[in-house]
Amino acid sequence: MKSLKNNQLYRLILCRFAETVREPEVLFWGIIFPVLISIGLGLAFTQNNESKFNILCVGTQGTELDSLLTIYGEKSEKKGKETFIWKVEDATLGNTTYHFIHSDWDNAIISLKRGESDIIVTDSLSKIGYHFDPNNAQAQLAYMKLSALVQSPTRIHSAQPQISPLTLKGVRYIDFFIPGLIAFGLMSSLLWGISYTIIECRSQRLLRRLIASPMRKSNYLIAIMFVRIVMNVAEALILLFFAWLLFDVYIQGSIGAFALLFVAGNVAFTGVAVLLSCRTSKTESGTGLINLVQMPMMLLSGIFFSYHNFPEWSIGAIKLLPLTALADGFRAIFNEGAGWLQVATPTAALFVLGAVCFVAGMRWFKWQ
Amino acid sequence: MIEVKNVYKSFKDVHAVRGISFSVRQGEFVALLGPNGAGKTTLVEMMEGLRKPDSGDIFIQGKSWKKSEKELRQIIGLSLQETRFPEKLKVREVLRLFASFFKLGTERVDEVIALVGLENKRQSLTKNLSGGQRQRLALATALLNRPQILFLDEPTTGLDPHSRFDLWNILQELKSKGDTTLLLTTHYMEEAQSLCDHIIIIDEGVIIKGGSLNELLDDQSHNLDELFIRLTGKTLTDNSNQVLK
Ligand SMILES: Nc1ncnc2c1ncn2[C@@H]1O[C@H](COP(=O)(O)OP(=O)(O)O)[C@@H](O)[C@H]1O
Ligand SMILES: [Mg+2]
């Protein structure tokens with residue numbers, strides 16, 4: 001017992017742990033923030049969606065549209081401008097509210113540029129014209145809904161029998177999001193937790209002080225990695241618990257395969273983190289390096305939205321990113337009931353990546 | 001005890017240490033005195049085995065760093081010119097950590113805490129320590145393993161006179177026990193003068209003069225200040241004041 005208490009690895013781990021929990025930011029960003037963001041996004045995407053469109057009417061006074069508005073719309077004021085609000089109820093697709101605002105062409109364009117409105121409607125010779133950017137999905141949706149509505153203003157009110165809603169577990173947005181969030185949390189916690197700690201230790205010359213004593217270098221690194229990985233397990237468990245409690249998200253596939261892939265992810269990003277921090281002694285350039293690795297993956301790896309919307313040629317490359325492999329693997333286990341075999345490739349690849357990066361990082365590691 | 005033989009070290013185009021040789025006897029207190037940029041830190045870090053000389057040899061108790069690093073790490077103690085200990089650790093935690101590197105326990109930790117007078121700060125986070133307390137903590141980490149040789153790089157730079165005096169007292173006490181050999185660098189005359197038996201004056205990477213205070217001073221120079229001006233044509237204190245502010 002006494003020998004354990006004076007053991008240097010044990011002491012290094014204790015100190016690392018104390019430093020971590022005494023950093024309130026770490027606890028907030030690592031544990032509370034992911035839970036909050038998943039609750040926020042989860043609620044946003046599971047509520048029966050209410051969509052709202054802002055439509056600018058230019059020169060439509062006394063036309064067909066105007067007469068529809070006087071029947072179905074409700075007149076009100078918005079920022080001193082006359083506005084008609086037309087609510088359409090729809091049991092399956094959710095309710096839609098259209099705000100019609102009268103304007104002149106120049107102001108309408110400005111409003112569109114600012115993103116205040118979605119489309120502009122004009123009327124020439126009682127033919128309605130729609131003006132919008134065809135690449136803007138929201139504007140396109142507004143156009144399709146509105147043009148259908150104007151053609152048959154009364155039909156859409158009731159539930160539409162040809163649509164059968166899918167609310168199975170695994171196809172909701174939250175099912176897509178939670179596994180991705182676990183993967184992303186794991187990556188950022190390791191990159192910041194390990195790289196930044198090492199770089200800061202080097203920049204404060206503490207690393208040099210440590211190796212000037214009979215400390216084993218491997219113990220120093222093991223302590224940092226061990227504490228980080230323990231924190232990651234805690235973070236993931238907390239997130240899983242809330243996801244299950246609030247949204248009934250749970251692992252449908254093999255829990256063992258999930259655990260192994262989780263370990264593989266930790267190994268992979270630990271290796272990357274050590275490689276990133278192996279030489280830098282300036283925290284600024286360290287921050288830059290970490291962002292350089294993290295940002296592209298955060299945007300491309302389909303954490304928040306599927307990467308299948310990206311151009312075809314890029315998808316092959318995106319799939320090679322370690323975060324993509326990890327997030328897709330988690331999703332397969334969570335939502336498709338995948339087991340050991342289905343995630344064997346990403347698991348093995350992540351282990352290899354971690355090992356290669358770690359060895360390279362150690363090779364170039366600058367201890368002073 | 002320590003032997004430095006014709007040591008050279010350059011960084012790119014800066015020749016930091018240019019052929020320095022001297023030796024230190026057991027139990028001696030030696031000061032390396034010189035202005036900023038003289039090469040003191042570079043020299044001490046080579047003696048501490050943290051840098052390799054470009055050429056020349058350094059032996060500690062007849063052993064070289066290359067062959068006996070493990071052994072030498074056990075018998076030396078050191079504090080670097082600037083070390084910031086982890087802000088979120090407490091004084092006692094830092095010392096327990098460093099003690100564990102020598103397989104030492106709480107007893108020795110509490111002993112050194114008493115030795116440097118940090119008893120009422122043992123549970124303070126290092127970020128809440130004053131400059132003087134921080135230097136005393138650095139000294140405590142250096143003393144944990146009862147080192148035979150102690151290296152202190154500018155132990156009192158930037159401290160107010162009172163804190164500096166406290167630190168000198170701790171070192172005086174160590175000297176009176178006589179078990180420790182000390183090598184410190186400084187640009188304060190008084191520090192070299194009051195603590196050390198042997199003073200080595202360094203400028204621009206070479207030794208200008210070395211000896212005991214009596215040997216160094218003669219009819220032309222009545223104190224170290226005058227001596228330094230006579231030898232180099234510049235003053236020590238001007239440089240050191242710039243650092244203080
Ligand atoms: N890592 C380094 N890289 C480049 N130059 C250095 C480095 N360390 C010290 N020097 C240079 O070597 C010279 C001696 O520095 P140093 O040993 O720190 O002097 P001192 O400790 O006496 O103030 C200075 O000119 C300094 O700029
Ligand atoms: Mg120096």
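Helices here are DSSP runs of H or I with at least four residues, strands are runs of E with at least two, and both are numbered from the N terminus. The model before us is predicted: local features need pLDDT of at least 70, side-chain atom pairs count only at pLDDT 80 or more, and totals for chains, interfaces and linings use all residues. Residues are numbered from 1 along each chain as its sequence is written, while chains are lettered from A and ligands numbered from 1 in the order in which they are written.

I begin with A:Cys357, which lies in helix 14 of chain A, residues 344–364. A:Cys357 is buried, as 22 other C-beta atoms lie within 10 Å; the term buried requires 20 or more such atoms within 10 Å of the residue's own C-beta, placed from the backbone, while 12 or fewer make a residue exposed and counts in between make it partly exposed. Which residues does A:Cys357 contact, leaving aside neighbours within four places in sequence? They are A:Gly271, A:Val272, A:Val274 and A:Leu275, where contact denotes C-beta atoms, placed from the backbone, within 7 Å. A:Ala273 is 84 residues from A:Cys357 along the chain, yet their C-alpha atoms are separated by 8.4 Å.

Next, the layout of chain A. An automatic or database domain assignment gives domain 1, at 2–44 + 168–364, and domain 2, at 51–157. The centres of these two domains of chain A, taken over C-alpha atoms, are 46 Å apart.

Helix 2 of chain A, residues 8–21, has 14 residues and reaches 20 Å from first C-alpha to last, close to the expected 20 Å; that expectation is 1.5 Å times one less than the number of residues. Its buried residues are A:Gln8, A:Arg11, A:Leu12, A:Cys15 and A:Arg16. They lie on the same side of helix 2 of chain A, because they cover an arc of only 130° around the axis, the arc being that of the directions from the helix axis to the C-beta atoms. In general, an α-helix has 3.6 residues a turn, so residues three or four places apart point the same way. What do the buried residues of helix 2 of chain A pack against? Their partners are helix 9 of chain A (217–247) together with helix 3 of chain B.

That brings us to the interface. Here 24 residues of chain B are in contact with 21 residues of chain A. On the chain B side, helix 2 (65–75) and helix 3 (91–101) each supply at least two residues, and helix 3 of chain B gives the largest share, six residues. That side of chain B comprises eleven nonpolar, four polar and nine charged residues; Ala, Val, Leu, Ile, Met, Phe, Trp, Tyr, Cys and Pro count as nonpolar, Asp, Glu, Lys and Arg as charged, and the others, Gly among them, as polar.

Ligand 1 has around it residues that include B:Gly37, B:Gly39, B:Lys40 and B:Thr41, a residue being near when its C-beta atom, placed from the backbone, lies within 6 Å. Helix 1 of chain B supplies the largest share of this shell, three residues. By class, the shell around ligand 1 holds four nonpolar, six polar and one charged.

Finally, helix 9 of chain B, residues 224–232, has B:Leu224, B:Leu227 and B:Phe228 buried. An arc of only 95° around the axis puts them on the same side of helix 9 of chain B. B:Gly233 follows this helix, with a positive phi near 75°.

Conventions: Contact = placed C-beta atoms within 7 Å.
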